[in-house]
Amino acid sequence: MAKAAKELGRKAATTRKDTPAAPERAEHPTFAREELQRILAERESWTEGELAEALGKLVHRKARFETDSGIPIPDVLDPASVRETDYLRDVGYPGRYPFTRGTQPTMYRGRLWTMRQFAGFGSPEDTNGRFKYLLQHGVTGLSTAFDMPALMGYDADHPMSRGEVGKEGVAVSTLRDLELLFDGIPLDEVTTSMTINATAVIALAMYVAVAEKQGVPRAKLGGTLQNDMLKEYIAQKEWMIPPAPAVKVNCDVIEFCAKEMPRWNPVSISGYHIREAGATAVQELAFTLADGIEYVQECVDRGLEVDAFAPRLSFFWDVHNDFFEEVAKFRAARRIWARTLKERFGARKKESLLLRTHAQTAGVSLTAQQPYNNVVRTALQAFAAVLGGTQSLHTNSLDETYALPTEEAVTIALRTQQIIAHESGVDRVVDPLAGSHYVEWLTDEMERRALEHIRRIDEMGGMLRAVEEGYPQREIAESAYRYQRDVEAGERIVVGVNAFRTEAEEPIRILKIDETVARRQVERLREVRASRDAARAAAALSAIERAARDGTNVVPSVIDAVKAYATLGEISDVFREVHGVYREDGRF
Amino acid sequence: MSPAKERPLRIVVAKPGLDGHDRGAKIIARALRDAGFEVIYTGLHQTPEMIVAAAIQEDADAIGLSIMSGAHMTLFPAVVELLGEKDAKDVVVFGGGIIPQDDVPKLKEKGVAEVFLPGSPTQGIIDWIRANIRPRVAAA
């Protein structure tokens, strides 16, 4: 196995091309040289005049101002600050290369973003009820949270599942659970996102099987599978097998969907967890795009035509507190991705160049203290995601530092999106921050800094290698520690935590998971195991093992196995036996 | 051997259960080390049995548990009970994570010495350790 991983890395290293650098930016293409000279002269005069005078009376509140990623912010931004930007080449028009201003020409004037609230807790029946509640209240897409055992490849009755069944998401061990989860929800009418990675191929297989039972062919299914293992080793850390074979399975899914599920997004290349683990916005941007580059490279290396799969690659960003930096991140991401796909991978279809994305407000920014303040934080973050041009959005609930959200809390989170969409006016104009000297300057800065990280990763032989060597993991842990130190030193204010505190807070109502869920899930699992055709299940598991060993695409055999009611744990065991179990050392 | 008092405290920082959110555990581990404690971090996805075995093998004075998955009511008491079974009841167990306030007294009843909720400064945890944990009188 270790040998196979090395070979994979070597093969990739020899065929790699460079990520394109941002174009040279020398002559200012928008302003005449004379006009630029006049602006620079005026800036100098202002700096020595009004600014110096003001600073003489009252010094700045801080020694220096910088973004949350540590980008120093000048005293003022003006047209000369973006003099190296070529408007038509670097900014341009929405729906046109390099897509800085958005993926679509009309953006929200044509269609609002999808309001997709992530949900999953307790039994499949509990979550089915929450799905139906959300659909009634205006969500336009479903998003499934699985419990920890399902994410890690353990059945509900495995010793590792002790205390975890249904706690952090919905409990799923067999196809029967997914049948109950989507009971009464027409899968040809909704789109469903499934946040699952190590066992993503099993979840997709179950979804395809449930749809077939509803009479919906797989080609008609719309939705997204997260299926991004690189960020698991980097940040979220729910894994089964080592990185190289796990990335291979991710790409099996991409390949399978390119052929059989044209409406499905087979991967959601995720910055969210990278950011939540402590990365800065620049690191999130860089590491996530580097993950995407690795998946594209792996698929190209196995002989897929880039335009055959790239149009269905999707992304997932965190939206944190620094408003303008977040907006700039979305804009820079689209530009880097478009240039990379076109110049490095030679994509020709327009759809291959588009960075379509889901976004979620920053869970890590929420505070247990004064929890109602979280509604305000979430609203500002959601607003930034919309100004950044997201295609889909989840807003966090105010109570999520305590537990999974209550129905009331989720409703406020959803209403926040509806207020932004229907009352704020932001839906009426496309990319309104374009041309802001600050936002354009910051977009360029983030692009430049992210490309430096990506170049370093390219030099290491790509993200798979970098992950195996622990590079992004170390960088993120460092940033997380620095952030915590800043908070404790009072250099970074967190309202209600290290400033503006209130004593004696009223506790809020929170969701408790029924402790009988685990017992009922185990009972159902045992019924399924007892009633299925045991020989058919065993044969299906053997077929997965053969595919995994031969290196052929495992997806068809996993679909057969879930239909035979092989369990999630049994299928995961096959992968663990073939590839071994991944463990991380206890470095900190 | 020098008197027990002079020995720095040995603390096992552990991640029980299946969730992979190790940002907090790693920050705590590093802050405790910077404060002069000897720190052993178990890594992720540990069973109570693995954590207790590590604490005994490392001759730890305390175990700090970090959990975000909601399994704290099962896994924290399991660690305390196992320590009792292994004649290591005097190893102090404390913890933190996404834990509802009303679970805190229940965890304390089951032998968890202290629970730190989200937003707790690392200095507060360090101060609590200094005030409440003494080196174990060697079982040797």
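Guide: Two strands pair if DSSP finds at least two bridges between them; strands (E, at least two residues) and helices (H or I, at least four residues) are DSSP runs numbered from the N terminus. This is a predicted model, in which local features need pLDDT of at least 70, side-chain atom pairs count only at pLDDT 80 or more, and totals for chains, interfaces and linings use all residues. Residues are numbered from 1 along each chain as its sequence is written, and chains are lettered from A and ligands numbered from 1 in the order in which they are written.

Visitor: In which sense do strand 6 and strand 7 of chain A pair?

Guide: Strand 6 of chain A covers residues 267-270. Its residue A:I269 has A:F315 of strand 7 as bridge partner. Four bridges join the two strands, and their sense is parallel.

Visitor: Which residue in strand 8 of chain A stands opposite A:F316?

Guide: Strand 8 of chain A (residues 356-361) runs parallel to strand 7 and is joined to it by six bridges. Opposite A:F316 stands A:H358.

Visitor: Is A:K237 buried or exposed?

Guide: A residue is buried if 20 or more other C-beta atoms, placed from the backbone, lie within 10 Å of its own, exposed if 12 or fewer, and partly exposed in between. A:K237 is in the loop between helix 8 and helix 9 of chain A. Because A:K237 has 24 C-beta neighbours inside 10 Å, it counts as buried.

Visitor: Is A:A504 buried or exposed?

Guide: A:A504 lies in the loop between helix 19 and helix 20 of chain A. With 4 other C-beta atoms within 10 Å, A:A504 is exposed.
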